[in-house]
Amino acid sequence: MEHLTIGPFTRASGTVRLPGSKSISNRVLLLAALSEGETRVCDLLDSDDTRVMLQALATLGIAWRRDGDDYLVSGGCGVFPNKAAELFMGNAGTAIRPLTAALALQGGDYRLSGVPRMHERPIGDLVDGLRQIGASVDYLGAEGYPPLHIRPATIRIDRPIRVRGDVSSQFLTALLMALPMADGPGGHIEIEVVGELISKPYIEITLNLMSRFGVDVKRDGWSRFVLPARARYCSPGEIFVEGDASSASYFLAAGAIGGGPVRVEGVGLASIQGDVRFADALNRMGANVMAGGNWIEVRGVEREDGRLHGIELDCNHIPDAAMTLAVAALFAEGTTTLTNIGSWRVKETDRIDAMATELRKLGASVDAGDDYLKVSPPKQWRSPADGIGTYDDHRMAMCFSLAAFGPLSLRINDPRCVAKTFPDYFDVFGRIVG
C-alpha cells in the first residue's frame, strides 16, 4: 500500500490496548541476553525494531524461543558465544547503540550496518566513549556514523569515561548497560556526562531495568554515574513490557480533538516512561484528563467552542510524544511552541525539518529552529495533492493521522512504515474514529 486516504473525522471514542514499548522491549532483550538464567519476556513489542534485535542476538549465539505470546531468552552470563558476526540493524537506534557497546567488550570481530538512514544517524560520541577504555571500533563509511567494525581489544578502565549528553541519550544508555561487565579500579566504574543530558526519562528507564536485572547504579544528579565493576546481570525470571507511552499519545490526542472519551490501557500513573507525561501537556491545552495505575483517559475541552489552546513547553521529558503536540497544535487556538527538541534531528529522519514541511502543506504557519518548533493553526486548511510525506519514519505517519480531524480528507504516504513500532496502527486508529 503506497498511500492511505483517511478522514475527515469528527469524533473519536473507545478503548485501546497498547503494544509494548520499543524502548523497554529492546533494553529488556539485551539485558536478558547478558544475564545469568532464562528470562520470560511478556508483552514484548512485535515490530521491525524488536525483530532486528532478536535476529542479532540469535546470530550472536543467544538462544531464544516463542512460548505462546511470551519470549524465553537464555542468557549468556555476559558472553556472546559467537565471536565473529555481521549484523544488519535496520534503522533501530535502540538496538545498534547498546549492542555496539556490549560487543566492544566481547573480544570478538563484528560488523554492524543498517539501512541508509542509519548510516546518517550519529554514533561518534558513543564510539569516543568506548575508545577511551581501549575498545577497537572503526568506521567503515563516514567518520562518526555506522557502519562499524569492532575488533578484539584489551579493555582498560583507569579513569572516568566521558560522554556527551546533548545529542542522544542512547549513547549514555549503551555505556550504562555494557560497562558493569568490565573491570574497574576500586570495584567501580564512573561515567561523566559532558554538557546537558537530553531525554532524561529514557535514562530513568535504563536504570530501572538494570536494577530489575540485579545491577544498581548510583548517580550524582544527571552528570555523574557510578556503576559496579565485574557485575553480573541476573534474570528476574519474568518481566512484563509496559505499553508504549509514545504510541499512547496519538490516541490521547484523538480524544482531546475528537471529544472522547478515549482510554488507553497499558500505561498510567505507575509507568516508568517519560512520555506518559504527554497527558499533562494535553491537560495544559485544556483537555479533560483522568488516569489510573495502568490507564489514561482523555475527553475533549469543556468550553463552548471545544478548541484546545496553544502552550509553550520544554519537551526534554517527552521527546517522541512532543511530535504529537505539533499536530495537535493544528486544532489549538493561538501558537504552540515546543522547545528543547534538538534530538529530533538525529532520529529516523530530521523530524524538525520534516514536521515543518508537512505542517506547512496543511496551511499551518510554522517557525522552525535548531531545537524548537512554533506552530499556528491554518487559517485555511489544505489537503496536499501529493499527500503527507512520512520519510520512512513511523512517528511521522502516526502523528499526522490526527490531521484528518480537519475539514478535508488526507492522504498519508507509505503508511506501512508504522511497522517499525505499531504494525496495525491504522486498523486500531480506525476503530476509535469510526
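**Cavities and local geometry of a predicted model**

Good morning. Ser199 is buried, at a relative accessible area of 3%; here buried means under 20%, exposed over 50% and partly exposed in between, with a 1.4 Å probe and protein chains only. The structure is a predicted model, in which local features need pLDDT of at least 70 and side-chain atom pairs count only at pLDDT 80 or more, while totals for chains, interfaces and linings use all residues. Residues are numbered from 1 along each chain as its sequence is written, and side-chain values use heavy atoms, with hydrogens and water left out.

Ser199 sits in the loop between strand S11 (188-194) and helix H6 (200-212); helices (H or I, at least four residues) and strands (E, at least two) are DSSP runs numbered from the N terminus. Not counting residues up to four places away in sequence, Ser199 touches Ser169, Asn316, Pro319 and Ser343, where contact means heavy atoms within 4.5 Å.

I turn to the cavities. A search of the whole structure finds four of 30 Å³ or more. On a 1 Å grid over the protein atoms alone, a cavity is a set of points where a 1.4 Å probe fits but cannot get out, and lining residues have an atom within 4 Å of a point. Grid points are joined across faces, edges and corners, and a volume is the space filled by probe spheres set on the points.

The largest cavity has a volume of about 200 Å³. Its lining comprises 23 residues, with Thr94, Arg121, Gln170, Asp320 and Lys347 nearest the centre. Helices H1 (22-34), H3 (93-104), H5 (169-178) and H11 (394-400) are the elements that give two or more residues to this lining. By class, the lining of the largest cavity has three nonpolar, nine polar and eleven charged residues; Ala, Val, Leu, Ile, Met, Phe, Trp, Tyr, Cys and Pro count as nonpolar, Asp, Glu, Lys and Arg as charged, and the others, Gly among them, as polar. At least three lining residues come from each of domain 1 (3-19 + 243-432) and domain 2 (22-226), with bounds from an automatic or database domain assignment.

Which residues does the UniProt annotation "binding site" cover? In the unreviewed entry, they are Lys22, Ser23, Arg27, Ser168, Ser169, Gln170, Ser199, Asp320 and Lys347. The lining of the largest cavity takes in Lys22, Ser23, Arg27, Ser168, Ser169, Gln170, Ser199, Asp320 and Lys347 from this set. UniProt positions are given in the numbering used here, feature names are shortened, and annotations may be inferred rather than shown by experiment.

Ser23 belongs to helix H1 and is buried, at 9% relative accessible area. Leaving aside neighbours within four places in sequence, Ser23 is in contact with Thr94 and Tyr202.

The second largest cavity has a volume of about 50 Å³. Among the residues that line this second cavity are Lys22, Ser23, Tyr202, Asp320 and Arg395.

Finally, the backbone. The peptide bond from Gly260 to Pro261 is cis, with omega near 0°. Gly260 lies in strand S15 (residues 259-265) and is buried, at 3% relative accessibility. A cis peptide bond also joins Pro146 and Pro147, where omega is about 5°.

Is Arg230 buried or exposed? Arg230 is exposed, because its relative accessible area is 52%, and its phi is near 50°, a positive value in a residue other than glycine. Tyr391 has phi near 60° and is partly exposed, at 35%.

Definitions and conventions
On a 1 Å grid over the protein atoms alone, a cavity is a set of points where a 1.4 Å probe fits but cannot get out, and a pocket is an open set with protein on both sides within 12 Å along at least five of seven lines; lining residues have an atom within 4 Å of a point.
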